[in-house]
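The questions below ask for the grounds behind the terms used to describe a model. Each answer sets a value against its definition.

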Amino acid sequence: MEYYCLRYAVARWELERRRWLRSRFQSLGIPLGQGQPRTLECLFRFGPQTQRQLSEFCGIDGSTVSRSLDRLAEAGLVCRREDPGSRRSIQVYLTDRGQEVAEKVAEAFAEEDRLVCQGTSEGELLRAVALLEEMRERLRKNPLQL
């Protein structure tokens with residue numbers, strides 16, 4: 001198997017899942033941009049986070065997270081507050097409306113997971129995730145040397 005096959009397979013899968021999710025979010029009346037659904041789901045599942053935590057957990061570039069948070073705040077879905085444990089740190093919280101929207105987003109992601117993973121054993125899923133994480137780690141440990 002040539003390695004490019006994996007790259008293209010991942011790219012095609014990601015394109016299809018984005019199309020599916022976009023139509024799902026539109027059907028729910030949730031007009032969300034790049035990275036916003038993952039950000040909302042993360043806040044819904046794990047509570048308030050810093051921008052850096054959101055970037056790392058969601059796999060989104062820091063500047064993209066910043067722009068996404070600005071848009072989510074403008075839409076009244078999130079707010080930023082000083083971290084009570086560290087005055088130099090800002091935590092991102094869901095607003096009441098954000099909580100409602102984030103719950104719908106989490107349900108859409110769960111629906112996607114059920115659809116994509118049907119017929120796949122838990123062991124196969126765990127192995128697929130482990131393989132992707134190993135590949136990601138190789139890239140992280142071997143940055144491009146310019």
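Q: Which residues form a nonpolar patch on the surface, and what makes it a patch?

A: The patch consists of Leu6, Val10, Leu131, Leu132 and Met135, with about 370 Å² of accessible area together. Patches are made of residues with over 30% relative accessible area and no salt bridge, with nonpolar side chains (Val, Leu, Ile, Met, Phe, Trp, Tyr) joined within 5 Å and like charges within 9 Å. A salt bridge here is a side-chain nitrogen of Lys or Arg within 4 Å of a carboxyl oxygen of Asp or Glu. Areas come from the Shrake-Rupley method with a 1.4 Å probe, and for residues only the protein chains shown count as cover. Helix H1 (3-27) and helix H6 (122-141) each give two or more residues to the patch, and H6 has the largest share, three residues.

Q: What kind of model is this, and how are residues numbered?

A: This is a predicted model, in which local features need pLDDT of at least 70 and side-chain atom pairs count only at pLDDT 80 or more, while totals for chains, interfaces and linings use all residues. Residues are numbered from 1 along each chain as its sequence is written, and side-chain values use heavy atoms, leaving out hydrogens and water.

Q: Why is Val10 called partly exposed?

A: Buried means under 20% relative accessible area, exposed over 50%, and partly exposed in between (1.4 Å probe, protein chains only). Val10, in helix H1, has 38% relative accessibility and therefore counts as partly exposed.

Q: What makes the largest nonpolar core a core, and which residues have the most contacts inside it?

A: A nonpolar core is a set of buried Ala, Val, Leu, Ile, Met, Phe, Trp, Tyr and Cys residues joined through side-chain atoms within 4.5 Å. The largest one has 21 residues, and Phe25, Leu40, Leu54, Leu69, Val78 and Val105 have the most contacts inside it. Among the elements that give two or more residues to this core are helix H2 (36-46), strand E3 (86-94) and helix H5 (96-117). H5 gives the largest share, five residues.

Q: Why do E1 and E2 count as edge strands of the sheet?

A: Two strands pair if DSSP finds at least two bridges between them. E1 and E3 are joined by two bridges and run antiparallel, and the open sheet has the order E1-E3-E2. Strand E1 (49-50) and strand E2 (78-83) each have a single partner strand, so one side of each is left without a neighbour in the sheet.

Conventions
Helix = DSSP H or I, 4+ residues; strand = E, 2+ residues; numbered from the N terminus.
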